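Please look over this protein model and its ligand.

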Amino acid sequence: MGKRKWLIMVMVSNLLLAFFSFACQKNDSAQSDPALLLGFSQIGSESAWRAGNTKDIEEQAELFGVSLMFENANQKQENQIAAIRRFIAYKVDVIAFSPIVEEGWENVLTEAKNAGIPVILVDRDICSKDKELTACLIGADFYEEGVMAGEYLIRKADTLGLEQVNIVEITGTDNSTPMEQRQAGFADTIASDERMNILESIDGDFIKSRGAECMRTLLEKYGDDIDVVYSHNDEMTLGALPEIEEAGFVPGKDIIIISIDGGQDAIDVLKDGKINCVVECTPKLGRKVMETAIKLKNGEEVDDVIHPEEQIFSDEQDLSTIGPRGY
Ligand code: AHR
């Protein structure tokens, strides 16, 4: 065989090998066949967490061969309702959405139910008497996140030998599941510890600039009485930190800082010692969403609630082992 012919044969067989190994890789995850049409209504772009969640949903849809109709509601419930109506009109196979707040979904979800389209709640829950309106919830156990934050604070107070612990809480969007559950889990956990005293809870809407505003207000009101900031997400924490420094306090030393999410920026600040504890809330829900959507389309049973596993990062551990976070 001539050298040229031999070279062409090697190139063709390499191409075939690459094609087959790519095909096998893709087939590791259940593919939707024929392509499933999934309408997904995202809350908005309020945080790095949300951006990570959107990216993950898009990547996993592609990996599973799911056609995604993606709509960003820009932090408005009415936009989410309008998006769900468009999905129904378009006759998508499955609807998934992250409800910005818990109340106010009955009408539009009844329309989806009447159209025979199953609905997956992603990340956040709704409050409804009719449990048949949605097929399932795929999202974090926010109550447990609040518990982990509270338990950390009790351990920290023990280690530092504190006799009185004054806490300010910067909460997420009012009437949202993470806000309500993170508040409840934390409050229930510290309730029996007489040292703990919540000075004020203030709504920071999960947004960085609001976190800064809230912190300014709290510092003006309580000054050096503040021992702890418990913030419901990294974004608000990162907004609050410069305000604390500007007021002459050292975050992580003069004031204990507890955050939730575990995005890269907050983990870097944790490693610098300006945050003491970050409870993880993973945005990587896409794989479960696609698997569940495929099952629903095939008429299979799905679990009512699917919580991802989550952990806690804090100054109690060796932080050098924390790998890249990916959001
Ligand atoms: O619902 C999850 C929360 O929403 C995340 O903690 C926060 O960062 C996001 O905006």
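A residue counts as near a molecule if one of its heavy atoms lies within 4 Å of it. Keep in mind that this is a predicted model.

**Around the ligand**

Which residues surround the ligand? They are Glu46, Ser47, Trp49, Arg50, Asp123, Arg124, Phe142, Pro178, Arg182, Phe206, Asn233 and Asp261.

| Side chain | Distance from its N or O atom to a ligand oxygen atom |
|---|---|
| Glutamate 46 | 2.4 Å |
| Arginine 182 | 2.9 Å |
| Aspartate 261 | 2.6 Å |

**Helix α7 against helix α8**

Two packed helices are described by the angle between their axes and the distance between the axes. Helix α7 spans residues 208-222, and helix α8 spans residues 234-246. Their axes are 7 Å apart, and the helices pack at an angle of about 45 degrees. That angle makes α7 oblique to α8. The crossing of α7 past α8 is right-handed.

Which residues meet here? From α7 come Lys208, Gly211, Ala212, Met215, Arg216 and Leu219. From α8 come Glu235, Met236, Leu238, Gly239, Ala240, Glu243 and Ile244. By class, the residues of this contact are 7 nonpolar, 2 polar and 4 charged.

**Helix α8 against helix α9**

Helix α8 also packs with helix α9, which covers residues 264-272. The two axes come within 9 Å and cross at roughly 50 degrees. The helices α8 and α9 are therefore oblique to each other. Is the crossing of α8 past α9 left-handed or right-handed? It is left-handed.

On the α8 side, the contact is made by Asp234, Leu238 and Leu241. On the α9 side, Asp265, Ala266 and Val269 take part. The contact of α8 with α9 has 4 nonpolar residues, 2 charged residues and no polar ones.

**Two positive phi angles**

Most residues other than glycine have a negative phi. Asparagine 74 has a positive phi, near 45 degrees, and is not a glycine. Where is asparagine 74 found? It sits in the loop between β2 (67-72) and α3 (77-89).

Aspartate 261 is not a glycine either, and its phi is positive at about 135 degrees. Aspartate 261 belongs to strand β9, residues 256-261. Aspartate 261 is also one of the residues that surround the ligand.

Notes: Residues numbered from 1 in each chain as written. Predicted model: local features only at pLDDT ≥ 70, side-chain atom pairs only at ≥ 80, totals over all residues. Heavy atoms only, no water. Axes fitted to C-alpha atoms, helices over the stretch in contact; angles between N-to-C directions. Helix = DSSP H or I, 4+ residues; strand = E, 2+ residues; numbered from the N terminus. Parallel < 35°, antiparallel > 145°, perpendicular 65-115°, else oblique. Left-handed = near helix turned anticlockwise from the far one by under 90°. Contact = heavy atoms within 4.5 Å. Nonpolar A, V, L, I, M, F, W, Y, C, P; charged D, E, K, R; others polar. Polar contact = N/O pair within 3.5 Å; in protein donor to acceptor, adjacent residues only side chain to side chain.
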